[in-house]
Each structure stands twice: as C-alpha cells, then as structure tokens.
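This briefing is meant to be read alongside the sequence and the coordinates. Please keep both in view while going through the points below.

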Amino acid sequence: MKVPKEEYNKEPVYYCKKCLSLKVRAVADMSYCDDCGSTEIDEMNIREWEKLYEKKVGVKFLNN
C-alpha cells in the first residue's frame with residue numbers, strides 16, 4: 001500500500017533544537033544528537049522543520 005506524500009509529510013521528525021540535525025539517537029531512555037551531542041530534542045512535521053532549517057542555513061534541505 002502506497003502512502004500519499006502529504007500523509008507521509010505529516011509524520012513527526014525528531015531533530016536537535018541546537019543544530020537542527022535529524023541525526024537523533026536514542027539510548028535507553030535518553031535521546032541525543034549524533035552531530036553535536038545535545039540532548040535538546042524536539043519533534044515536528046518535516047515541512048515545519050525545513051522552514052527552521054532554511055532560515056538558519058539559507059537553503060532548503062529537501063528537493064521537491
């Protein structure tokens with residue numbers, strides 16, 4: 001069964017609030033950023049995260 005693109009984009013992503021990396025690891029009951037080591041992890045949908053990323057870095061992360 002194929003999931004429509006818009007439904008898939010509503011799924012939350014976990015990201016580092018410090019560096020906006022999507023490389024989040026979970027060990028036991030603790031999550032941390034694999035890039036910077038921060039434990040400040042949050043979640044939102046991919047489109048909202050991309051807006052934060054574009055504002056910080058100046059380019060879009062995803063290609064449409």
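What follows covers the cysteines, a strand pairing, one loop and the salt bridges.

The model is a predicted one.

**Cysteines**
- The sulfur of Cys16 lies 3.6 Å from the closest cysteine sulfur, that of Cys36, which is too far for a bond, given that a disulfide requires the two sulfur atoms to be within 2.5 Å.
- Cys19 is likewise in no disulfide, the nearest cysteine sulfur being that of Cys33 at 3.6 Å.
- Cys16 is buried, with a relative accessible area of 0%, whereas Cys19, at 25%, counts as partly exposed.

**Strands E2 and E3**
- Strand E2, residues 24–27, runs antiparallel to E3 and is joined to it by four bridges; within this pairing, Arg25 has Tyr32 of E3 as its bridge partner.
- The hairpin formed by E2 and E3 has two residues between the strands, and Ala28 takes a positive phi near 55° there.

**The loop between E3 and E4**
- Ser38 sits in the loop that links strand E3 (30–33) to strand E4 (41–45), and with a relative accessibility of 10% it counts as buried.
- Apart from neighbours within four places in sequence, Ser38 is in contact with Cys16, Lys18, Ser31, Tyr32 and Cys33; among these, Tyr32 is also the bridge partner of Arg25.
- Asp35, which lies in the loop between E3 and E4, pairs with Lys23, in the loop between strand E1 (12–16) and E2, so the two tie together parts that are twelve residues apart in sequence.
- The closest N and O atoms of this Asp35–Lys23 salt bridge are 3.6 Å apart, and Asp35 is partly exposed, with a relative accessible area of 47%.

- Glu50 and Arg47 meet through their side chains in a salt bridge of 3.4 Å, N to O; both belong to helix H2 (residues 46–57), where, being three residues apart, they are separated by about one helical turn.
- Glu50 is buried, with a relative accessible area of 5%, while Arg47 counts as partly exposed at 25%.
- Lys51 forms a salt bridge with Glu48, with 3.3 Å between the closest N and O atoms, and this pair, three residues apart in helix H2, is also separated by about one helical turn.
- Lys51 is exposed, with a relative accessible area of 52%, whereas Glu48, at 36%, counts as partly exposed.

Notes. Residues numbered from 1 in each chain as written. Predicted model: local features only at pLDDT ≥ 70, side-chain atom pairs only at ≥ 80, totals over all residues. Heavy atoms only, no water. Buried < 20%, exposed > 50% of the residue type's maximum accessible area, 1.4 Å probe, protein only. Contact = heavy atoms within 4.5 Å. Pairing = 2+ DSSP bridges. Salt bridge = Lys/Arg side-chain N within 4 Å of Asp/Glu carboxyl O.
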